[in-house]
Every structure is written in structure tokens, then in C-alpha cells.
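My entries follow the order in which I looked them up.

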Amino acid sequence: MTDYPTLHLLIDGEQISGGGRETEDVINPATEEVLGTLPHATSADLDRALEAAQNGFHQWRRTSADKRAAILAKAAGLIRERAKAIGEPLTLEQGKPVSEGRGEASYSASLLEFYAQECKRIYGRTLVRPEGQRAEVQYHPVGPVAGFAPWNFPAINVMRKIGGALAAGCSVIVKPSEETPASGIAVVQALLDAGVPGGVVQCVFGVPSDVSEHLLGSPIIRKLTFTGSTPVGKHLAKLAAEDLKITTMELGGHGPVLVFNDCDVEKAAEVMAANKFRNAGQVCVSPTRFLIEESAFEQFRDIFTKRTAALTVGNGMDKGTDMGPMANARGLDNVAKLIANAQDKGAKLLTGGERIGNQGFFHQPTVLSDVPLDADIMNEEPFGPVAILNPMAGEEAMIAEANRLPYGLAAYAWTDSPARRRRLAAEVEAGMLAINTGGVSTVDAPFGGVKWSGYGSEDGREGVMACMVVKAVHEG
Ligand code: NAD
């Protein structure tokens with residue numbers, strides 16, 4: 001039996017709850033039972049956090065890169081030691097299989113290890129000038145950062161908000177999702193335990209729109225970083241623009257997968273079926289629209305469907321579970337609506353298609369084929385366990401379909417042709433392109449999108465530079 005921790009705010013290093021604050025229940029998506037009660041920050045709490053973030057920023061930006069790196073590395077070590085204690089509650093609140101919950105905690109430590117090393121790699125440059133003159137390009141931390149993270153990767157997304165900011169020398173106030181708060185609190189606590197000052201990293205909760213309006217309404221916050229849906233991202237970008245705060249937006253996607261007949265079709269189907277249903281498809285870079293060259297279609301379809309139908313769906317805490325419940329009832333309803341609409345428009349249901357049971361938000365892994373373009377699911381991100389397999393007539397049509405939507409986060413391609421790989425890299429509109437692999441996320445590579453999938457990057461060198469401003473210094 002895994003205990004779910006007591007929940008609190010973390011403001012200026014202090015654990016805060018009670019005191020007549022508003023609260024909300026956190027629900028286990030596998031059982032619909034209440035796991036815990038989460039306090040909301042009051043307006044005074046948020047003001048206190050802002051003041052602490054301002055003071056923390058001035059302290060942290062003057063802390064040497066070596067010291068910042070050592071503290072962040074120590075925090076990463078603590079997160080690794082606590083991977084079980086962070087990962088199991090993460091599964092309780094979010095639903096994913098517990099091996100993935102623990103793996104997520106460890107990956108958030110890997111991210112922090114990378115960011116710790118990047119503290120020391122923030123370089124400016126010296127410009128050529130005549131004797132006696134000097135000109136430099138310098139990079140400085142932008143200031144206190146507000147980070148709003150979603151519920152699908154509650155530890156990783158929180159770390160993406162924090163890691164780049166702390167490496168750059170910024171302070172950060174993070175708001176993890178109220179639906180999955182425990183893992184975010186645990187990550188922030190590890191940073192505090194490792195020696196990050198209390199005003200430098202803080203964790204708040206509340207009604208999301210109230211918290212974001214309060215924090216973005218303050219001149220103290222100089223940068224916003226948000227992961228979530230495109231409509232909320234557009235709204236927050238407008239709020240940030242009122243005060244010209246810089247922003248990183250990691251929003252929705254609708255991942256196209258271009259499968260060409262010159263690839264290893266069996267491997268492509270096996271790898272992508274496993275990838276598609278990870279975290280019940282609630283992944284912004286999830287492969288969603290499979291665009292398969294006609295002559296490879298039947299082979300890909302049969303292997304992919306067989307592999308999907310063999311997945312074991314269950315409580316994430318149970319051994320042998322391949323796919324847990326969806327994280328919330330909204331997602332379940334959305335998927336049901338999209339599948340029904342696709343079938344009405346003439347799509348074929350190859351496997352799945354139904355909710356499982358009536359307790360917990362379980363849904364069958366589902367494969368649709370021959371889905372017409374006017375079905376809602378061809379245009380709206382399903383963010384759930386549904387794959388669309390459509391036969392396509394060659395490269396040009398496949399690239400055109402990949403680029404048809406306003407989204408451009410992750411795209412995937414399977415082909416053995418080097419020339420085609422280069423064409424795809426040039427032509428596919430996406431922030432990330434995976435060729436002959438299912439992976440697009442590594443700590444050292446930028447993670448982000450184009451078009452309606454957002455702008456700016458997290459991870460990699462770009463994740464640190466996104467929290468810096470540039471200054472040209474001229475000496476006569
Ligand atoms: P949402 O955009 O309403 O919520 C996503 C996150 O943003 C949540 O954690 C929420 O608390 C927060 N949020 C919402 N409004 C906010 C506001 N005004 N200020 C600050 N934070 C706010 O989406 P949802 O209903 O939770 O999920 C629906 C869709 O969101 C999905 O179908 C998917 O398209 C998208 N989504 C994307 C990601 C991603 O990783 N890019 C993650 C979660 C959800």
C-alpha cells in the first residue's frame with residue numbers, strides 16, 4: 001500500500017496549508033477515490049511568493065555558476081534516491097503504470113543533472129575592437145519566472161519549468177496541476193533540501209486562471225513558461241504581452257507519422273504501437289495520424305492492431321499493467337465523442353472503442369482506419385488512447401497531410417532512403433522530427449513546437465537560453 005503524501009504550498013521555504021484556505025480534493029483516476037486535500041494559495045500567499053521570488057532572484061543570480069551547479073546536482077541525487085517515493089504517488093494521482101511513474105521521477109533527475117552542467121556553459125562573446133576599446137555580448141538571467149505545468153507528466157513538466165530557470169540564475173514560482181500536485185511538491189522539496197534558497201523555488205496552487213492572472217499581473221514576474229492546450233496558451237500569451245514578459249509556450253500537437261514502403265514496416269508498427277499508448281496517449285508528442293504508403297498499409301495495420309489489442313489495461317499500481325486509466329473524466333468524454341464522430345463519418349473501428357467499466361477513467365486502446373478528413377479527430381488533438389491509420393498515395397500527399405493542421409510539435413517518419421530523410425527534415429513543419437525511432441525527448445535536445453504548438457524550447461542549451469536576456473556592453 002503506497003501512502004499519498006500530505007499536500008501543501010511551498011512559499012519562501014515554508015510548507016503552508018490550513019489556516020482557512022480554500023481546498024480541493026485530489027482524485028485517483030483508477031478508483032475515483034479521494035487521495036488528499038490540496039490547499040489553494042490566497043491572494044496574500046501569492047504576494048508573499050512574489051516578494052520572496054524577487055529577493056530570491058537577487059540572491060541566486062549572484063550565486064556562482066559552480067555553486068548553483070553543485071546544488072542542482074545534489075537535488076538531482078535526492079530525486080533519484082526518492083524515485084520510488086515520488087513515482088508511486090505520481091501513479092496514484094495520474095494513473096500511469098508505476099514503472100513509468102518511477103521512471104518519470106528518474107528522468108526529471110536526469111533533466112536536472114543536465115541543467116546543473118549547463119550552469120557552467122553560459123557563454124558571451126567578445127567583439128573585435130581597436131586597441132583600448134572593448135565590446136562584449138553578455139547573457140543575464142531574465143528575472144523571476146512563473147511556470148504553469150500540466151497533469152500528464154507531473155514531475156517532468158515541473159522540472160522543465162524549473163531547471164532552465166535555475167540554471168540561468170532566475171528564481172521560479174511553479175504551479176503544478178492541481179489534479180496531480182504531489183510529485184511537483186516533491187520535486188520542489190528536493191531542491192530546497194539540497195540548498196536552493198526558499199525564495200528561489202516555490203510551489204503554489206489555486207484556481208489556475210486566478211493564479212496566472214495574479215502572477216502575470218505583477219511586474220516582478222519577467223518570464224512565463226506554460227505547457228497545456230493551445231486555447232489556454234493563447235490566453236496566457238495575451239496576459240504576458242500586457243507587460244511584455246517573455247514567454248515559452250509548449251502547447252498541443254497532432255503528431256503525424258509518415259510510414260514509407262521502403263522502411264522496416266514490422267519494426268515501425270511494433271515501436272509506434274508501444275509509443276502511441278504510453279501514458280494512455282496523453283502525451284503532447286503522441287503519434288496520432290499514421291499516414292501509411294498504400295503498399296505498406298495492410299502489413300502495418302495488421303501488426304499495429306494486433307499489438308494494440310494485446311495491451312493490458314488496469315490500475316497503474318498493478319503488476320502487468322501496460323496502460324493505466326486516463327487522468328481525468330474530461331479526457332475520457334473527449335475521446336468517446338471523437339470516436340463516435342469518426343464512426344459517424346465512416347471510419348472503420350479496428351480494435352477498442354469503448355470505456356472499460358464504470359469506475360475509474362479506463363478506456364480501451366483504440367485503432368481507427370480510413371478516417372475522413374472532415375472527422376473531428378483528424379483536426380482536434382485526441383490526447384488519449386486512439387490511433388488513426390490512413391492509407392496514403394506517396395510522399396507529396398503524405399507531407400501535405402502532415403502539414404495540413406495548424407499544429408507542429410512532434411512528427412515521425414519511417415524510411416530507409418537517406419535522400420527522403422533530408423527532404424522530410426526540410427519540409428515537415430514540426431519542432432521535433434523522429435526518423436526510424438519513436439523518441440523525440442532527450443535532456444540535451446530542445447523540446448518545443450512551431451505554429452499553434454507554441455514557441456520557445458525547453459531542455460537542451462535552448463532551455464537555459466530561454467531564461468536569459470542579452471546585453472551588449474561597449475567600453476570606449
Ligand atoms: P488545459 O489547457 O485546460 O489545462 C492544461 C494545464 O493548464 C492544466 O494543468 C491546467 O491547470 C492549466 N491551466 C488551465 N487554465 C489555466 C490558466 N488560465 N492559467 C494557468 N494555468 C492554466 O487542458 P486540459 O483540459 O487539462 O487538457 C485538455 C487539452 O490540453 C489536451 O487535450 C491537450 O490538448 C492539452 N494538454 C497538453 C499538454 C501538453 O503536454 N502540451 C498537457 C496537458 C494538456
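What volume does the second largest cavity have? I found about 60 Å³ for the second largest cavity. I note that 14 residues line this second largest cavity, and that Pro256, Tyr407, Gly408, Ala410 and Glu429 are the closest to its centre. The elements giving two or more residues to its lining are β12 (255-259), α12 (395-404), β19 (407-408) and β20 (410-414). I sorted the lining of the second largest cavity into eight nonpolar, four polar and two charged residues.

I record the basis of these entries here. The model is predicted, so that local features need pLDDT of at least 70 and side-chain atom pairs count only at pLDDT 80 or more, while totals for chains, interfaces and linings use all residues. Residues are numbered from 1 along each chain as its sequence is written, and side-chain values use heavy atoms, with hydrogens and water left out.

On a 1 Å grid over the protein atoms alone, a cavity is a set of points where a 1.4 Å probe fits but cannot get out; a pocket is an open set with protein on both sides within 12 Å along at least five of seven lines; lining residues have an atom within 4 Å of a point. A volume is the space filled by probe spheres set on the points, which are joined across faces, edges and corners. Helices (H or I, at least four residues) and strands (E, at least two) are DSSP runs numbered from the N terminus. Ala, Val, Leu, Ile, Met, Phe, Trp, Tyr, Cys and Pro count as nonpolar, Asp, Glu, Lys and Arg as charged, and the others, Gly among them, as polar.

The largest cavity holds about 70 Å³ of space. Its lining has 14 residues, with Arg160, Thr225, Glu458, Gly463 and Cys467 closest to the centre. I saw that α5 gives the most to this lining, with four residues.

I turned next to the pockets. The largest pocket has a volume of about 1000 Å³. I listed 39 lining residues for the largest pocket, of which Trp151, Gly228, Ser229, Val232 and Arg330 lie nearest its centre. For the largest pocket, α8 gives the most to the lining, with five residues.
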